[in-house]
Each structure stands twice: as C-alpha cells, then as structure tokens.
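Dear colleague,

I am passing on the structure that we talked about, and below it you will find my notes. Please read them with the model open beside you.

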Amino acid sequence: MQTALAYGSIVPGPILGNSLGSAGTTGFSRAEICCLALKGISAGTISFSGSQIYTNETHNYFSTANVVQPACVFSPETAEHVAYAIRVFNEANCSFSVRSGGHLPVPGSNGRDGAVLLVTSKLKTLDIQGETARIGPGNTWAEVYRETEKVGKVVLGGRLGSVGVGGLVLGGGISFQGPEHGFACDTVVNFEVVTADGQIRNANTTSNSDLFWALKGGSNRFGIVTAFDMKTYPLSKVTGGTITYKYSSLPLVLEQVDILHRCQDSDPKVSFFVNVMDASDVGVGQFVEVVIYYGKPFTGIPALLQPFFNIPGIISNTVSTKSFSEFIPDGREGLPVGVFSHLWRSLTYQRSAVVNERVAEIFQEEIRKFRESRGGGIQPGVFTLAYEPYAASMLSAKQKTGGNALGLDGRKGPLMLALLTYSWINQTEFAPRAAAVKASVERMRRFAVAEKKHVNFVYLNAAAPDQDPFRSYGRANHRRLRNIRRKYDPKRVFSVLQAGGFNL
Ligand SMILES: Cc1cc2nc3c(=O)[nH]c(=O)nc-3n(C[C@H](O)[C@H](O)[C@H](O)COP(=O)(O)OP(=O)(O)OC[C@H]3O[C@@H](n4cnc5c(N)ncnc54)[C@H](O)[C@@H]3O)c2cc1C
C-alpha cells in the first residue's frame with residue numbers, strides 16, 4: 001500500500017501512515033518522521049548529524065550566528081523532489097526551512113534547530129539559451145557569471161560572488177547593472193516554483209501573473225523557487241575595481257558620492273558603492289573603500305568616475321579593464337564566509353549630502369560609545385557602514401517587466417541605502433551589539449526624518465530581524481501580497497510550517 005505521499009513507488013505507505021499519529025510517543029519528532037519519509041526519495045538526498053554533508057551544510061552560512069542543528073538536511077535534486085517534500089511537510093505537519101546561498105545574516109531565517117533544513121545545493125541548473133538563462137537557486141553568482149561570460153553575456157545578480165541566487169533575487173537584488181535594467185528580480189521572465197499544495201508552477205506575465213509579481217520581493221513567503229529564467233544582456237569587458245582611501249579622505253569621498261549619485265542617471269553604465277570600515281579591533285585600522293564599475297571597456301577613466309581618482313589619500317587602487325568574473329571576486333574580497341557573526345540593519349533616504357555626512361558621524365559616535373561600554377573587553381571585529389545608491393532609473397525599470405512588490409519608483413529621485421554592519425568573531429556579544437546597531441540606525445533614521453529625506457522602505461536583503469520589509473512596501477502592496485498569499489497558500493504552509501523569514 002502507498003500513502004498519498006508516495007513518491008512514485010519509493011515510499012511505502014507505513015513509513016508516514018503509521019508514524020504520523022504517534023509522533024511524540026515513538027520518540028521521533030515530526031521533523032524526524034519527515035526526514036525518514038524523504039529518505040525514500042534516495043538516500044543521497046538526506047543527511048543526518050554525524051555525516052560530513054550534514055556538517056558542511058549546517059555550517060554553510062555567511063554568518064556564524066546562523067549555524068543550525070536541524071533534524072536532517074534535505075538536498076533535493078529536482079523540482080519533483082521539492083514538490084514531494086512539500087507534500088510530506090503538509091501531511092506530517094512538520095517544521096522546515098529553506099536555504100540557498102546562506103548569506104542572509106538573520107539568525108533563523110534560513111535554518112532552524114530541530115526542523116528539516118531544505119538546501120538548494122543540488123539545484124544547480126545553469127543553461128543559457130539566447131536571451132535568457134535558466135538558473136537553479138543552488139548556484140552562487142560567481143558560478144553564474146563564469147558561465148554567462150563564456151557566451152559574452154551577463155545576468156543581473158550579486159556584487160560578491162559567494163552570495164546565493166535564491167535569496168538575492170527573491171528579495172529584490174541590487175547589482176552593478178541596476179541603473180540600466182532595474183533590480184535583479186525585474187529581469188526574471190519566469191519563476192519555476194513549488195507552491196504550498198506541492199504543485200510545480202510557472203509564474204510569468206501570462207501564467208500565474210499575480211504570483212510572478214509577488215515573488216519579486218516576496219522572499220520565501222510564496223513557495224520554493226526551483227529555477228529562475230532570467231534575461232541575459234551582452235557584456236564584454238568592464239572597467240572597475242576598488243579604490244581604498246585613508247579614513248581622513250571620508251569627507252571628500254562623500255562629497256563625490258553625492259555628486260555622482262545626482263548625475264548617475266546620465267550614464268547608466270556607471271555603478272558604485274562605498275564601504276566605511278573600522279577594523280581597529282583586529283589591528284587593520286580604519287579606511288574607506290569605493291567600489292566602482294563601468295559596464296563596458298574604457299580607455300582611461302570614464303569622466304563621471306574621474307573625480308574619485310583625484311581625492312588625496314589613496315592607499316590602493318585595483319581599477320582596470322577586466323572580465324566581469326574577474327571583477328566580481330568569489331568571496332576573496334570582503335569578509336570571509338563563515339568566520340564572523342554579523343548583525344546588520346539598514347535605512348533608506350532620498351539622495352542627500354547632509355544625511356550622508358550625518359550618518360557617517362553617527363556611525364563613528366556609536367562605535368565609540370559601544371567600545372566605551374565594553375571597557376577593555378571588546379571582541380575582535382569590524383564595523384562597516386555601506387552606502388549603496390539606487391539610481392532613479394533602477395527604481396523605474398520595473399514598469400517594463402510587469403512590476404514588482406517593492407513599492408519603489410523613480411519619482412522620489414535617486415535613493416540611498418545605508419547599511420550598518422557589526423561583525424565579530426565570538427558570539428557572546430550578540431545582545432549588546434544588536435542593541436548598539438539598532439540605536440545607531442534609529443538615530444540615523446531620526447535625522448533623515450528631520451531632514452524630510454527618510455523613505456519608509458526597508459530592503460529585505462539588508463534588514464534586521466525586527467525590521468518589517470513587507471509593510472514598508474506600502475499599504476496597497478502589503479495588502480496585495482497577503483491576498484496572493486491567501487490564494488496560493490491558504491493553510492499558511494510557508495508562514496507557519498516554514499520556520500524563518502520575515503512576517504507577512
Ligand atoms: C557578503 C554579502 C554580499 C552581498 N551582496 C549583495 C548585493 O550585491 N546585492 C544585493 O541585493 N544583496 C546583497 N547581499 C544581500 C543578499 O542579497 C541577501 O543576504 C540574500 O538573502 C542572500 O541570498 P542567499 O540565497 O545567499 O541567502 P539565503 O540565506 O540562503 O536565503 C535568504 C532567504 O531567502 C529564502 N530563500 C532562499 N532561496 C530560496 C528559494 N529558492 N525559494 C524560496 N525561498 C528561498 C531563504 O529561506 C531565506 O529566508 C549580500 C550579502 C552578503 C552577506
């Protein structure tokens with residue numbers, strides 16, 4: 001006999017049928033029963049504590065604060081495996097979570113102790129056909145760019161190679177090509193997604209178009225995406241790299257940031273972001289990085305970017321013409337994956353030189369306060385303030401591709417995302433650091449409000465656990481998202497059974 005859950009003829013009825021009612025009396029948790037049922041797909045898809053795969057997967061997180069001890073790790077190889085798992089989770093009522101690249105540093109958002117951890121590591125389709133590429137969520141952006149570049153193309157994705165495809169696109173996706181083409185999610189032409197009823201659906205402008213819209217910003221609230229069909233764009237070489245300055249150059253750097261931010265729309269091939277870093281507690285000191293990008297080869301330096309080269313205090317400069325995959329390092333730059341715990345929080349405001357400056361001052365003042373509050377006992381770590389500009393053209397691009405759920409448009413002009421991150425080695429300081437990050441961003445927010453520049457948008461991919469990105473998309477979009485969720489997930493499988501994710 002087979003249960004309704006049977007995967008072909010792999011799972012005989014008694015595995016689930018007999019155990020479900022007795023979870024708790026058999027000594028198995030519901031999640032463990034699901035693990036056993038999923039083992040029926042093939043032994044290679046399930047890993048338990050003690051195995052190398054379990055250890056690797058449960059530690060495969062950007063932030064060490066996210067490391068988990070799930071009941072088992074489930075690594076589906078096909079969309080059918082995912083669909084089967086969803087039916088198992090439904091029937092057994094067991095808790096699960098979903099992880100792709102593991103870069104969202106929100107503890108619990110991509111894995112929970114005791115739940116089934118569904119990882120997309122084996123969903124690695126990477127198939128480029130003319131104007132589109134089919135990309136599995138298990139790829140990193142470095143892997144994607146290496147393939148697209150072989151055919152002279154690029155897709156819109158992360159600005160660091162180790163970031164995963166799944167989370168970045170479903171949360172929006174800021175890329176170097178954003179000013180030209182919008183958020184990464186705006187360039188998706190079709191999502192292959194497993195919904196709460198265990199069906200594999202396509203969501204695009206003609207089929208499940210409401211779900212298509214919702215997935216562009218809706219993160220993990222609507223289903224598990226098993227493939228992204230994304231537009232490809234021609235790209236040969238790019239001009240770009242990182243200019244690192246002494247900390248004392250910060251005022252002049254911020255001056256140029258504002259000038260460039262203002263006129264970025266005049267040349268959408270230009271893209272950039274800034275990291276203000278204080279790594280004194282690990283002996284590296286303070287410095288400022290400007291990462292610049294020009295989306296085609298250029299002899300010399302594009303005029304809009306030239307002023308950055310004239311600022312005194314340059315420590316190093318890696319800007320040159322190179323392939324895109326050389327430009328996007330595979331985790332080699334930035335902080336290494338899986339070494340630090342990270343806490344981050346962000347705010348959004350309209351382009352403003354005054355707010356940029358004050359945000360940097362508050363960043364410095366609050367670090368000083370935090371250090372004083374810890375006496376001499378501070379854990380080794382790094383404090384980062386990133387300025388990530390949204391060109392107005394990036395916010396309006398959605399109009400051409402069916403819209404997105406983010407609730408932004410170019411009418412308020414270019415916007416700035418300020419992202420504050422505290423990264424440190426030992427997790428013991430979690431609570432005081434979280435409080436310090438929150439207090440800092442709250443002061444920044446109040447200043448932006450007083451200047452009438454604050455924009456009530458929280459970028460999900462840069463949000464702290466207690467921020468509310470979906471509500472920040474605006475009342476109408478929030479309501480629309482909830483209605484679509486009701487249609488595709490009436491029993492709230494992805495909001496209740498799934499552990500982790502922002503509240504919708
Ligand atoms: C070093 C670093 C660099 C970054 N650079 C950029 C950048 O350039 N641009 C940018 O926009 N953001 C950037 N981010 C933020 C990044 O977009 C988010 O952290 C994003 O969530 C990462 O995606 P992931 O697949 O690695 O994360 P995960 O932690 O695996 O997933 C994030 C969330 O999405 C859900 N999810 C993942 N895959 C799926 C799926 N297939 N179906 C349904 N739900 C899914 C998970 O359940 C989880 O809640 C960066 C982050 C880091 C740490």
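Which residue in S4 is the bridge partner of Val-73? The partner is Leu-117, and the two strands concerned, S2 (residues 72-74) and S4 (residues 116-119), run parallel and are joined by three bridges. Strands are DSSP runs of E with at least two residues, helices are runs of H or I with at least four residues, and both are numbered from the N terminus; two strands pair if DSSP finds at least two bridges between them.

Before going further, please keep in mind that this is a predicted model, in which local features need pLDDT of at least 70, side-chain atom pairs count only at pLDDT 80 or more, and totals for chains, interfaces and linings use all residues. Residues are numbered from 1 along each chain as its sequence is written.

On confidence, pLDDT is the predictor's confidence in each residue, from 0 to 100, and the chain has a mean of 92, with 94% of its residues at 70 or more. Residues 1-15 stay under 50, and for them the model has 24 contacts beyond four places in sequence, a contact being two residues whose C-beta atoms, placed from the backbone, lie within 7 Å. Where pLDDT is low, the predicted coordinates should not be read in detail.

To return to the sheet, S2 and S4 belong to an open sheet of four strands with mixed pairing, in the order S1-S2-S4-S3. Strands S1 (46-47) and S3 (96-99) stand at its edges with a single partner strand each, so one side of each has no neighbour in the sheet.

Helix H4 (residues 79-92) contains Val-82, which is buried, with 24 other C-beta atoms within 10 Å. Here a residue counts as buried if 20 or more other C-beta atoms lie within 10 Å of its own, as exposed if 12 or fewer do, and as partly exposed in between, with C-beta atoms placed from the backbone. Leaving out residues up to four places away in sequence, Val-82 touches Pro-76, Val-194, Ile-224 and Thr-226.

Strand S10 (residues 224-231) has six of its eight residues buried, so it is largely enclosed by the rest of the structure.

S17 runs antiparallel to strand S19 (residues 415-424), to which 10 bridges join it, with Tyr-349 partnered by Met-416. Two bridges join S17 to strand S20 (residues 454-455), also antiparallel, and there Thr-348 stands opposite Val-455.

With best wishes
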